[in-house]
Amino acid sequence: MSGPDLRRAAAARAVDLVTDGMRLGIGTGTTANAFILLLGERVRAGLDVIGVPTSEATRAACEAEGIRLTSLEECPELDLTIDGADELDGNLRLIKGGGGALLREKIVAYASRRMVVIADSAKHVATLGAFPLPVEVNLFGFGATFKAVQKAIEAAGCAGELTLRKASGGQPFVTDGGHAIVDARLEAIPDPERLSAALWAVPGVVEHGLFIGLASGAILAEACGDEAVVTVLGNP
């Protein structure tokens with residue numbers, strides 16, 4: 001069974017959580033795109049929901065599916081956010097931001113009563129850190145911030161290489177908010193809370209990809225022969 005099949009299986013279970021009249025946060029990435037396609041089918045069948053997209057790419061995908069959209073200015077409190085994750089552990093701590101939308105994703109998740117992660121089971125790990133941790137930084141004073149981030153990571157008991165993320169054309173990747181992303185390849189993060197606090201103390205850090213205390217549940221799909229077995233963690 002392929003990755004897209006697993007993503008669709010997890011997304012299908014998540015769509016079952018959506019009820020008429022909900023205000024939804026809608027995530028970014030390949031798994032979130034599977035959710036958007038299925039949600040669009042239900043909307044065209046008569047489901048009445050309104051969504052807040054976490055990126056311009058998600059906005060375009062929702063508009064293509066006919067999903068009605070709003071903003072957090074117009075709708076500051078959401079019922080449910082559905083989003084993917086690059087990694088999650090047994091305490092529902094996440095690494096997100098592989099697609100570069102971590103700032104908007106975290107703002108939307110924080111505004112939601114519930115956040116449910118959808119992913120294939122390979123994203124479920126014992127210890128976070130194998131996936132590079134994105135750190136979104138202001139372009140002003142980038143060199144100084146880069147060095148300060150490196151020191152903060154070391155002070156939090158982690159070590160690894162930091163690189164400026166590049167776009168496909170080789171130029172620095174720029175987020176929807178106009179910031180750069182530094183990817184920290186740490187291999188393991190023994191204390192995510194400690195690292196989160198250390199990064200937040202650095203002026204110039206706009207956001208980081210550790211999502212702690214935001215996810216209420218997760219829906220994970222795993223291949224079992226030709227079938228997808230869905231496991232639920234926490235309280236979706």
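How do the residues of the lining of the largest pocket divide into nonpolar, polar and charged? They divide into 2 nonpolar, 8 polar and 5 charged, where Ala, Val, Leu, Ile, Met, Phe, Trp, Tyr, Cys and Pro count as nonpolar, Asp, Glu, Lys and Arg as charged, and the others, Gly among them, as polar.

The model is predicted, and local features need pLDDT of at least 70, side-chain atom pairs count only at pLDDT 80 or more, while totals for chains, interfaces and linings use all residues. Residues are numbered from 1 along each chain as its sequence is written, and side-chain values use heavy atoms, with hydrogens and water left out.

A pocket here is an open set of points on a 1 Å grid over the protein atoms alone, where a 1.4 Å probe fits, with protein on both sides within 12 Å along at least five of seven lines, and its lining residues have an atom within 4 Å of a point. Of the 15 residues that line the largest pocket, Thr-28, Gly-29, Thr-30, Ala-85 and Asp-86 lie nearest its centre. Helix α2 (residues 30–44) gives the largest share of this lining, 3 residues; helices (H or I, at least four residues) and strands (E, at least two) are DSSP runs, numbered from the N terminus.

The second largest pocket is lined by 13 residues, with Val-52, Pro-53, Leu-72, Arg-104 and Val-108 nearest its centre, and α4 supplies the largest share of its lining, 3 residues.
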